[in-house]
Amino acid sequence: PIGLNDAYWYYDWTNKRMRFDHDKGQVDNFCMMNLKEPVACQLIFDPSGVMFVNYPTKDYCCQLCPIGAYCTAIKPTWLSGATYDGKEMVNDINCNVWNQTGAVAMDYWAQDDNNTPCAYFENVTDGGGYYWHQLDFNQSS
C-alpha cells in the first residue's frame with residue numbers, strides 16, 4: 001500500500017449526506033487535489049450534491065464538486081444489480097464481495113455472512129492515472 005491511516009465513514013441517507021474522514025498519511029486522490037501532501041482530510045458530501053474537501057489541520061476548505069457532478073452520498077440501493085464476486089478474506093474475516101459500476105469508478109462492497117461490513121473499495125481510471133481506494137471496516141464499531 002502507498003498510504004495507511006485511520007479513517008472514519010459517516011453515512012446519513014435520511015438527510016442525504018455522508019462524510020469520509022482520512023487521517024494524516026492518506027493518499028486519497030480527492031484529498032490530494034488541492035494540497036499535495038498526505039494531511040488529514042474530510043470529504044463532505046452535502047445534501048445539495050456539492051462535495052467539499054476540508055483540511056482541519058490546515059484551516060482550509062474548498063468545494064471540489066459542483067451540483068450535478070455525481071459527488072453525492074451513496075444511495076442505499078447502489079448494489080441493486082451488482083455482480084457477486086465470491087468470497088474474499090478481509091482482515092481474517094471471510095467476506096462476500098459484490099461489484100457495481102458507479103458514475104466514475106468500479107465500486108466493491110464486502111460483508112460477512114451476518115451482513116456486517118468488511119470493506120468498501122473502488123478503482124478509478126482517470127486521464128491515464130489509476131487509483132485504488134480501500135476502506136477496511138472495524139467490525140466492532
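Residues are described here as buried when their relative accessible area is under 20%, as exposed when it is over 50%, and as partly exposed in between, with a 1.4 Å probe and protein chains only. The structure is a predicted model, in which local features need pLDDT of at least 70 and side-chain atom pairs count only at pLDDT 80 or more, whereas totals for chains, interfaces and linings use all residues. Residues are numbered from 1 along each chain as its sequence is written, and side-chain values use heavy atoms, with hydrogens and water left out.

K16 has a phi of about 50° and lies in the loop between β1 and β2 (17-22), strands being DSSP runs of E with at least two residues and helices runs of H or I with at least four, both numbered from the N terminus. With a relative accessibility of 42%, K16 is partly exposed. N115, for which phi is about 70°, is located in the loop between β8 (106-111) and β9, and its relative accessible area of 52% makes N115 exposed.

A search of the whole structure for disulfides, each defined as a pair of cysteine sulfur atoms within 2.5 Å, finds three. When the bonded cysteines are counted along the chain, the disulfides follow the pattern 1-2, 3-4, 5-6. In the pair formed by C31 and C41, the sulfur atoms are 2.1 Å apart, and the link is left-handed, with -85° about the S-S bond. C31 lies in helix α1 (residues 29-32) and C41 in strand β3 (residues 41-45), so this pair ties together parts that are ten residues apart in sequence. Both of these cysteines, C31 and C41, are buried.

The sulfur atoms of C65 and C71 are likewise joined in a disulfide at 2.1 Å, with a left-handed link of -45° about the S-S bond, and both C65 and C71 are buried. For C95 and C118, the sulfur atoms are 2.1 Å apart, and the link is left-handed at -90°. Because C95 belongs to strand β7 (residues 93-101) and C118 to strand β9, the pair ties together parts that are 23 residues apart in sequence; C95 and C118 are both buried.

The sulfur of C61 has its closest cysteine sulfur in C62, at 6.3 Å, which is too far for a bond, and C62 is in no disulfide. C61 is partly exposed, with a relative accessible area of 43%, whereas C62 is buried at 14%.

The second largest pocket holds about 200 Å³ of space. A pocket is an open set of points on a 1 Å grid over the protein atoms alone where a 1.4 Å probe fits, with protein on both sides within 12 Å along at least five of seven lines, and its lining residues have an atom within 4 Å of a point. The lining of this pocket includes W9, Y11, W78, W109, Y120 and F137, and β1 (7-12) and β9 (117-126) each supply at least two of its residues. Ten lining residues are nonpolar, none is polar and one is charged, where Ala, Val, Leu, Ile, Met, Phe, Trp, Tyr, Cys and Pro count as nonpolar, Asp, Glu, Lys and Arg as charged, and the others, Gly among them, as polar.

Note on methods
Grid points are joined across faces, edges and corners, and a volume is the space filled by probe spheres set on the points.
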